[in-house]
Amino acid sequence: MADEEKVEEKTEKVEEEKSSYLIPQEKYLETGIHIGTRFKTSDMKKFVFKMRDDGLYILDLRKIDERLREAAKIIGKYKPEEVVVVASRLYSGNAAEKFSKLTGVGILKGRFVPGTMTNVNLPNFREPKLLVVCDPKGEWEAIREAAMTGVPVVALCDTDNNTAFVDWIVPANNKGRRSLAIVFYLLTRELMMSQGKIKSYSEFEPRMDYFERFEEETEKKKPVEEAPKEKAAEEKTEKKEEEAKKEGEEEERAKKAIEKAKEEKGPEKKKETAKPKEEKAEEKSSE
């Protein structure tokens with residue numbers, strides 16, 4: 001079964017290389033990367049494909065793919081240590097951290113501390129040559145400091161984002177867990193190709209769910225799965241011990257019952273054997 005899955009994955013990756021998209025359109029659609037918000041800024045108007053009946057704006061899938069491809073090329077022009085990803089949200093932080101581990105790119109998770117790029121006295125001071133932000137609204141301070149220091153910015157932008165001081169816009173649902181996972185999955189794969197770490201998509205081992213899954217979930221999953229097995233084994237052992245104990249007690253009772261029966265049966269036999277003699281004696285005296 002595992003071999004079949006590997007063959008399927010390899011086939012999919014070969015198809016992805018041949019496709020005009022970075023991945024098949026269906027996979028993009030499954031993650032909801034194209035689903036925007038109910039608000040549309042003038043900055044993002046050119047990336048919107050249509051508005052759904054429920055009022056949600058839908059991003060153009062072709063532009064998402066093109067912009068992601070180009071973003072990977074831009075990042076690839078810099079050394080990994082020269083790039084910093086700012087990820088203030090939980091889902092973006094998780095996916096970006098996996099991207100950082102695999103490519104060597106720097107990361108700033110959680111709240112961006114004012115002065116991180118302008119105050120040399122701060123312990124976490126950074127001087128990147130390229131900044132990647134996951135949400136211009138929540139990470140505006142990082143964009144502002146990049147503009148002050150002349151650092152170019154690549155940003156994941158949803159339909160409700162303003163794009164001031166952003167040099168390269170990647171239109172995407174920048175709030176969804178699966179959407180952010182696929183963004184960093186693709187950026188990692190393309191960047192590793194440009195770094196020479198892999199020669200083809202078939203050599204790229206991480207699955208998309210790796211970028212979606214939290215490390216704690218993986219760690220917690222094992223004990224949760226193992227606990228019932230351990231409990232069942234303990235219960236089975238206890239049951240066997242109880243059964244063995246009961247069997248031993250029953251054997252002991254049986255032995256005692258047999259011994260008692262023997263003791264009670266012994267005198268009766270003597271009486272029974274003695275009785276004929278008494279009868280003979282009586283018969284003799286009567287004669």
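This passage describes helix α6 and its packing against helices α4 and α3.

The structure is a predicted model, in which local features need pLDDT of at least 70 and side-chain atom pairs count only at pLDDT 80 or more, while totals for chains, interfaces and linings use all residues. Residues are numbered from 1 along each chain as its sequence is written, and side-chain values use heavy atoms, with hydrogens and water left out.

Helix α6 spans residues 177–195 and contains 19 residues. Helices here are DSSP runs (H or I, at least four residues), numbered from the N terminus. From its first C-alpha to its last, α6 reaches 27 Å, close to the 27 Å expected at 1.5 Å a residue; the expected span is 1.5 Å times one less than the number of residues. Of the 19 residues of α6, 14 are buried, so the helix is largely enclosed by the rest of the structure. Buried denotes under 20% relative accessible area, with a 1.4 Å probe and protein chains only. G196 follows α6 and has a positive phi, near 85°.

Two packed helices are described by the angle between their axes and the distance between the axes. Axes are lines fitted to C-alpha atoms, for helices over the stretch in contact, and angles run from 0 to 180 degrees between N-to-C directions. For α4 and α6, the angle is about 15° and the axes lie 9 Å apart. The two helices are therefore roughly parallel to each other (angles under 35 degrees). In α4, residues including Y91, A95 and F99 meet residues of α6, among them L180, F184 and L191; contact means heavy atoms within 4.5 Å. By class, the contact of α4 with α6 has 11 nonpolar, four polar and one charged residues. Ala, Val, Leu, Ile, Met, Phe, Trp, Tyr, Cys and Pro count as nonpolar, Asp, Glu, Lys and Arg as charged, and the others, Gly among them, as polar.

Helix α3 (residues 61–76) also packs against α6, with axes that come within 9 Å and cross at roughly 45°. L68, A71, A72, I75 and G76 in α3 meet V183, L186, L187, E190, L191 and S194 in α6. Eight nonpolar, two polar and one charged residues make up this contact of α3 with α6.

Within helix α4 (residues 90–103) lies N94. N94 is buried, with a relative accessible area of 6%. Leaving aside neighbours within four places in sequence, N94 is in contact with F211, E212, R213 and F214.

How values were computed
Buried means under 20% relative accessible area, exposed over 50%, partly exposed in between (1.4 Å probe, protein chains only). Angles under 35 degrees count as roughly parallel, over 145 as roughly antiparallel, 65 to 115 as roughly perpendicular and the rest as oblique.
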